[in-house]
Amino acid sequence: MGEFIWRLIYIFCCFLLLFESEDRGEQNQIAGNTVIEQKRKRLLREVTLAEDERRDLNYDLFQLAILTENETRKIKACYEKLVSSLRVIILHSPTDEKKEIYKSKMRDYCEEFIEMVDHRIAPHFWVATSIKGHFLRLKADYLRYLFEIHPKCGIYQVRAHNAYTEAKAFFTQNHLTKTVEWYRLRLNYAALLYLDGFPTAAMFICQQLLKSTKSKLIDTTMEQRIRRNVEFFKRACLG
């Protein structure tokens with residue numbers, strides 16, 4: 001009889017642990033969803049603030065014939081906040097009508113930025129070469145982002161490849177291949193190749209970048225990022 005009672009107590013305790021585990025799992029899921037929702041709201045607030053900055057910035061730019069280095073810094077800061085925040089919201093949002101609205105906004109802001117690069121920054125001699133290179137790299141990155149959220153839209157894929165080719169030629173012609181910006185350009189182009197379905201080519205580019213890290217042109221953080229990408233692309237090749 002005593003053994004039977006102890007078995008009942010054991011079974012009862014197991015049920016308690018099971019219910020406690022399930023309850024804890026539900027609580028963790030709720031907490032996780034809450035954190036995601038809080039992050040989403042924070043990003044939306046950042047987008048709203050950046051949109052206000054954009055309106056003021058565009059008004060100021062409309063009155064300027066020449067963009068100074070100060071204006072280019074403002075353009076970069078404003079559109080990076082807009083595009084980066086919207087990209088994160090889109091990639092981590094469930095499929096709904098609002099997601100399509102965010103995609104539409106991101107398309108508009110990316111195209112607006114690209115038009116600015118093509119007509120007000122890249123063609124003009126008074127803009128510093130390093131600034132032109134940076135904006136050409138961002139132009140290519142933004143087209144890659146558009147292809148990322150519209151994987152069935154071949155036009156973004158083609159435009160992204162053309163933009164990276166344009167930026168690579170500019171860096172080569174202006175002797176900018178020994179700069180950190182060059183590493184970012186090549187690393188981001190590798191990401192496009194991965195999206196295309198060519199992890200081997202992406203891995204090769206990153207491996208070539210690693211070979212040149214001996215020149216100490218990049219910091220430890222960038223080197224670690226390249227190494228992580230090599231390992232990621234290597235796993236993709238094996239998979």
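A residue counts as partly exposed when its relative accessible area lies between the buried limit, under 20%, and the exposed limit, over 50%. By that rule R225, with a relative accessible area of 32%, is partly exposed. The model described here is predicted.

**Overall make-up**

- Along the sequence the elements follow the pattern α-α-α-α-α-α-α-α.
- The protein has 239 residues, and 36% of them count as buried.
- Its accessible surface comes to about 14800 Å², and carbon and sulfur atoms hold 58% of that surface.
- Among contacts in the protein with a separation of 6 or more, 64% are between residues 24 or more positions apart.

**Helices α2 and α4**

- Helix α2 covers residues 69-91 and helix α4 covers residues 129-149.
- Their axes come within 12 Å and cross at roughly 15°.
- Angles under 35 degrees count as roughly parallel, and α2 and α4 are therefore roughly parallel to each other.
- The crossing of this pair is left-handed.
- On the α2 side, the contact is made by E69, T72, I75, K76, Y79, E80, V83, R87, I90 and L91.
- On the α4 side, the residues are I131, H134, F135, L138, Y142, R144, Y145, E148 and I149.
- Sorted by class, the contact of α2 with α4 has 11 nonpolar, two polar and six charged residues.

**Helices α4 and α6**

- Helix α4 also packs with helix α6, at an angle of about 20° and with the axes 10 Å apart.
- That angle makes α4 roughly parallel to α6.
- The crossing of α4 and α6 is left-handed.
- From α4, the residues H134, R137, D141, R144, F147 and E148 take part.
- They meet E181, R184, L185, N188, A191, L192, L195 and D196 of α6.
- The contact of α4 with α6 divides into five nonpolar, two polar and seven charged residues.

**Helices α7 and α8**

- Helix α7 (residues 199-211) and helix α8 (residues 220-238) have axes 9 Å apart and pack at an angle of about 150°.
- Angles over 145 degrees count as roughly antiparallel, and α7 and α8 are therefore roughly antiparallel to each other.
- The crossing of α7 and α8 is left-handed.
- The contact draws on P199, T200, A202, M203, C206, Q207, L209 and L210 of α7.
- From α8 it draws on E223, I226, R227, N229, V230, F233, K234, A236 and C237.
- By class, the contact of α7 with α8 has 11 nonpolar, three polar and three charged residues.

- N188 lies in helix α6, which covers residues 180-196.
- With 7% relative accessibility, N188 counts as buried.
- Not counting residues up to four places away in sequence, N188 touches R137, D141, R144, Y164 and R225.
- R225 is found in helix α8.
- Leaving aside neighbours within four places in sequence, R225 is in contact with L187 and N188.
- R225 and C206 are 19 residues apart in sequence, and their C-alpha atoms are 9.8 Å apart in space.

**N162**

- N162 lies in helix α5.
- At 49% relative accessibility, N162 counts as partly exposed.
- N162 and A140 are 22 residues apart in sequence, with 8.1 Å between their C-alpha atoms.

**H175**

- H175 is found in the loop between α5 (154-173) and α6.
- At 70% relative accessibility, H175 counts as exposed.
- Most residues other than glycine have a negative phi.
- H175 is not a glycine, yet its phi is positive, at about 55°.

Methods: Residues are numbered from 1 along each chain as its sequence is written. This is a predicted model: local features need pLDDT of at least 70, side-chain atom pairs count only at pLDDT 80 or more; totals for chains, interfaces and linings use all residues. Side-chain values use heavy atoms; hydrogens and water are left out. Axes are lines fitted to C-alpha atoms, for helices over the stretch in contact, and angles run from 0 to 180 degrees between N-to-C directions. Helices (H or I, at least four residues) and strands (E, at least two) are DSSP runs, numbered from the N terminus. Angles under 35 degrees count as roughly parallel, over 145 as roughly antiparallel, 65 to 115 as roughly perpendicular and the rest as oblique. A crossing is left-handed if the near helix is turned anticlockwise from the far one by less than a right angle, and right-handed if clockwise. Contact means heavy atoms within 4.5 Å. Ala, Val, Leu, Ile, Met, Phe, Trp, Tyr, Cys and Pro count as nonpolar, Asp, Glu, Lys and Arg as charged, and the others, Gly among them, as polar. Buried means under 20% relative accessible area, exposed over 50%, partly exposed in between (1.4 Å probe, protein chains only). Accessible areas come from the Shrake-Rupley method with a 1.4 Å probe; for residues, only the protein chains shown count as cover.
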